[in-house]
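Let's walk through this model together, one question at a time.

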Amino acid sequence: FLGRVSSGIANRNQTTMSVNLTANAIPAIINGDVNAKPLLQILEISSVISNKNSQQQRYRVLLSDAVSSHHAMLAAQLNDLVTTGRVKNGSIVQLLDYICTLFQNRKIIMVLNMESIIPDCEIIGSPKPFVDSELPVQKALRDNTVGSSINNNNNNNYNNNSNILANQNTGSTNVQNFRPTIQPSYKPPPVYKGRGAVMKNEAPARTIPIAALNPYQGRWAIRARVTAKGDLRRYNNARGDGKVFSFDLLDSDGGEIRVTCFNAIVDRFYDTIEVGKVYLISKGNLKPAQKNFNHLKNEWEIMLDLNSTVELCPDEDGSIPKQQFSFRPISDIENVESNAILDVIGVVTSVNPSVPILRKNGMETLRRILNLKDNSGRSVELTLWGEFCNREGQKLQEMVDAGVFPILAVKAGKVNEFSGKSIGSISTTQLFINPDFPEAQSLRAWFDQVGKDSASLSISKDITHGGPKNEIRKTVSQIRDEGLGRSDKPDWITIRATISFMKTDTFCYTACPLMIGDRQCNKKVTRSGDTRWQCDRCNQEFEECDYRYLLQAQIQDHTGLTWVTAFQEGGEEIMGYPAKELYALKYEQEDDERFGDIVKSRLFNHFVFRLKIKEELYGEEQKVKSTVVKADKVNYSAESRYMLDLISKFGRK
């Protein structure tokens, strides 16, 4: 239909067309109409920045009903109409969802949804800016049709079925009629001037989608499900002590927004809010979202105050999903910026025990590290903090120890970049073990059929953004022959080799256990008295330190041998024991025999090493250093498939 209309407008020699706009629509909307769904024309479009923090672009338009014009703001979800050219100066549009609100003593129309009816059209009538004092309330929507030539002697016949596109050539058979969806004509209430005080409007606020929320609205309500609830946090600043918590909402249209409460408001709502429940929330203030802490796809967040209301909806609303995911393959995380918040799903292949960690503020917390892999050929470390370690973390460890490899969906994990990419839990993170949705079922089928025996490359331990270089297989002799590591960037290679010798005099060091942000300090510490340790970097003392591997080993394959250095994770994978246990065995218990037996048992074992090769300066001499970022025991099934694949490729050459 629109194609025929456009054709008709373009070919004015064959058919002369006139566009009829909804009469007196602007005054009606200003006076409260929200149902007429009028046909209007756009006179001007200008771009504005609605949020300085996020630099969110919005569009302001000048709407016309052929007699009056008034400014309106388009909701952010309508930006595509402008950027794609479907809406421009002169376009005829039909407003489907809209509201007029008071902002800074000036009324402005908020357009939440609209359709482009005719993209190009000449300006209709001679519209003039509408002023509230000129509101012709007795004439509003008296006649739903007003054409390019306006008849000021309109009768009082309300005609909701008037033609929007009328063929002015009565002799032509090519008549195009368009009837927009128009509700019964809006009859605004009379305006009383000088009649005393006006009663306050106590009617319930209109429930709107989260996507339609904006600071220009005076009264609103949203119906949404709580998908995440943050911890109660206390803070201290120049204004004194305080407390804060936040929770995330999701509505039936997929809109998300964060709600934050401070101090006295925390006391009112913290115990009321439960994850998974649906609430009707109104009378809050909209502020620009703090994107450093808020990962939701919304430029605003709600701040509740003393006038805010939060009402539990007792009946389950099936139209609102329990949760909304946007999963990223693990391979994509290699190129994601640090501190980004994302969703990921994978198979849990290993779970480490929980360990106590002393934060820089002196508070102790728990940390547990596990590994996820998916069908992208990559795996990633997931670090759980605090209660996650004893709750979901303990359950996952029991499942993996029993030979069950569960599917884990992570909602709102934080990307960290420290010797590779990893994911960490935050206060709003949610973990779902063996969830029942298609992505989990597909991943389970892949793992049971193929993935269980397939090798994957970790992106978490000094894996760079180099991409294909991470997968390049080399031999020991090629490190020297090809001059690996001597360029500006390190080389990342994989070698299958055997450990032939290890230095045991300095296999580990005493490290600082304090946390700097989301990462441990790990700086070497020294004794401060008989019972305490001191970190010069953190300038603090503590009773217990950490023990981290600094293992130097010689590896060899059929082409030669070379020295490598393995730090904490690589050292644990090679030795099979935490550094602290071996340190105690050698230096505290002085059981050299037992210590020696453990070292000997690790010699001449086969590993698939992931190495970082980089030339570094030692004194005044440049030396190539090979660092172990991962040491996997050889999976003979996977290695056989790899070698067969090499043979088949060689045969095709």
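Q: Which backbone nitrogen does the side chain of serine 91 reach?
A: This is a predicted model, in which local features need pLDDT of at least 70, side-chain atom pairs count only at pLDDT 80 or more, and totals for chains, interfaces and linings use all residues. Residues are numbered from 1 along each chain as its sequence is written, and side-chain values use heavy atoms, with hydrogens and water left out. A polar contact here is a pair of N or O atoms within 3.5 Å; within protein, one must be able to donate a hydrogen and the other to accept it, and residues adjacent in sequence count only if both atoms are side-chain atoms. At 2.8 Å, the serine 91 side chain reaches the backbone nitrogen of lysine 88.

Q: Is serine 91 buried or exposed?
A: Serine 91 sits in the loop between helix H3 (79-83) and strand E5 (92-103); helices (H or I, at least four residues) and strands (E, at least two) are DSSP runs, numbered from the N terminus. Buried means under 20% relative accessible area, exposed over 50%, and partly exposed in between (1.4 Å probe, protein chains only). Because its relative accessibility is 0%, serine 91 counts as buried.

Q: Which residues does serine 91 touch, not counting residues up to four places away in sequence?
A: Contact means heavy atoms within 4.5 Å. With residues up to four places away in sequence left out, the partners of serine 91 are Leu40, Gln41, Ile42, Arg86, Ile118 and Pro119.

Q: How far apart in space are valine 93 and serine 116, C-alpha to C-alpha?
A: Valine 93 belongs to strand E5, and it counts as buried because its relative accessibility is 0%. Among the residues it touches are Leu40, Ile42 and Ser116. Valine 93 and serine 116 are 23 residues apart in sequence, yet their C-alpha atoms are separated by 4.6 Å.

Q: In what order do the 5 strands close into a barrel?
A: Strands of a sheet pair through backbone hydrogen bonds, either parallel or antiparallel. Two strands pair if DSSP finds at least two bridges between them. In this barrel the pairing is mixed, and the order is E23-E31-E32-E34-E33.

Q: Which residue in E31 stands opposite threonine 498?
A: Strand E23 (residues 491-502) and strand E31 (residues 551-557) run antiparallel and are joined by 4 bridges. Opposite threonine 498 stands glutamine 556.

Q: At about what angle does helix H9 run to E34?
A: Helix H9 (residues 568-575) lies across E23, E31, strand E32 (560-566), strand E33 (606-618) and strand E34 (621-633). Axes are lines fitted to C-alpha atoms, for helices over the stretch in contact, and angles run from 0 to 180 degrees between N-to-C directions. The angle of H9 to E34 is about 55 degrees.

Q: How many of the 8 residues of H9 are buried?
A: The buried ones are Gln568, Gly570, Gly571, Glu573, Ile574 and Met575. H9 is mostly covered, with a buried count of 6.

Q: Which residues have the most contacts inside the largest nonpolar core?
A: A nonpolar core is a set of buried Ala, Val, Leu, Ile, Met, Phe, Trp, Tyr and Cys residues joined through side-chain atoms within 4.5 Å. The largest one has 41 residues, and those with the most contacts inside it are Ile574, Met575, Phe609 and Leu611.

Q: What percentage of the 653 residues in the chain is buried?
A: The chain has 12 helices and 34 strands. Its buried share is 47%.
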